[in-house]
Amino acid sequence: MEERNYNRRYPKEYGFWQSLYYVLFLYLVVIPVGKLLYKVKVEGRENIDKNKKYLFAGNHVSYLDPPFISIAVMRRIAYMAKQELFTDKNWLLRFLVISLGGFAVNRETPEIATFKTVFDLLKTDWSLGIFPQGKISKDNTITTVHKGFVTIAKKAKFDIVPIGICGFSGYAKKPFEKDMTIKVGNPISYELDEAEIIKQWATQICDMTGAKNELEM
């Protein structure tokens, strides 16, 4: 059987049943586990308008970043993820990425199918989630930001909300072992020019997390 190309997903895949599954998984699994293992705290949720859709753009420190962001903003979010995750040997990771609405991107040569998925998502009531760094960074510095998230935000006419994942120190193995704070930044207008959006995103992330900004603008 030919493997499914998850670069391309359709509006019907984000309908009522998918939304219900996502919400139930968020409330029954993600939030309880997050509070039990990481004592997750959220700051800045009041910065987002309940009536608007956004592109949520977080720093990338672990495979748990998508659930952390979902806890922080309490929205249904379709995350753009590297295509390797959709064929990963870890069946649980693969299952969660696919079943919770993730869609794939080829980081070397993004396919038109990925952008078609993004624009189809605009027809739904889901928001978008992207990690502009493109890969997990473990040294608490921002050295690279891929500009695609700006292009998507402008096409979608979504303001960008930086999400700072603060204090991650490894995967918890027992209850209340770790402390985590997720900070919701101030929305950045998609109408600003590309360089200014990237600058504001990196600045807010560094201010929230204490990361070092090593971007060359």
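Arg8 is buried, with a relative accessible area of 16%; buried denotes under 20% relative accessible area, exposed over 50%, and partly exposed the range in between, with a 1.4 Å probe and protein chains only. The structure is a predicted model, in which local features need pLDDT of at least 70 and side-chain atom pairs count only at pLDDT 80 or more, while totals for chains, interfaces and linings use all residues. Residues are numbered from 1 along each chain as its sequence is written, and side-chain values use heavy atoms, with hydrogens and water left out.

Arg8 is placed in the segment before helix 1. Apart from neighbours within four places in sequence, Arg8 is in contact (heavy atoms within 4.5 Å) with Glu13, Ala113, Lys116, Thr117 and Asp120.

Val33 belongs to helix 1, residues 16-38. Helices (H or I, at least four residues) and strands (E, at least two) are DSSP runs numbered from the N terminus. Val33 counts as partly exposed because its relative accessibility is 40%.

Together with Phe16, Trp17, Leu20, Val23, Leu24, Tyr27, Leu28 and Val29, Val33 makes a nonpolar surface patch of about 920 Å². Such a patch is made of residues with over 30% relative accessible area and no salt bridge, nonpolar side chains (Val, Leu, Ile, Met, Phe, Trp, Tyr) being joined within 5 Å. A salt bridge is a side-chain nitrogen of Lys or Arg within 4 Å of a carboxyl oxygen of Asp or Glu. Accessible areas come from the Shrake-Rupley method with a 1.4 Å probe.

## The largest pocket

The largest pocket holds about 1300 Å³ of space. Its lining comprises 50 residues, of which Tyr63, Pro66, Leu85, Val97 and Phe131 are the closest to its centre. Two or more lining residues come from each of helix 1, helix 2 (65-73), strand 3 (77-82), helix 3 (91-99) and helix 5 (148-156). Helix 1 gives the largest share, nine residues.

On a 1 Å grid over the protein atoms alone, a pocket is an open set of points with protein on both sides within 12 Å along at least five of seven lines; a cavity is a set where a 1.4 Å probe fits but cannot get out, and lining residues have an atom within 4 Å of a point.

## The cavity

By this rule, there is one cavity of 30 Å³ or more. The largest cavity has a volume of about 70 Å³, and its lining includes Asn59, His60, Gln133 and Ser137. Strand 6 (141-142) and helix 6 (194-209) each supply at least two lining residues.

## Lys155

Lys155, in helix 5, counts as exposed because its relative accessibility is 57%. The C-alpha atoms of Lys155 and Tyr190 are separated by 8.9 Å, the two residues being 35 residues apart along the chain.

Definitions and conventions:
Patches are made of residues with over 30% relative accessible area and no salt bridge: like charges are joined within 9 Å, nonpolar side chains (Val, Leu, Ile, Met, Phe, Trp, Tyr) within 5 Å. Grid points are joined across faces, edges and corners, and a volume is the space filled by probe spheres set on the points.
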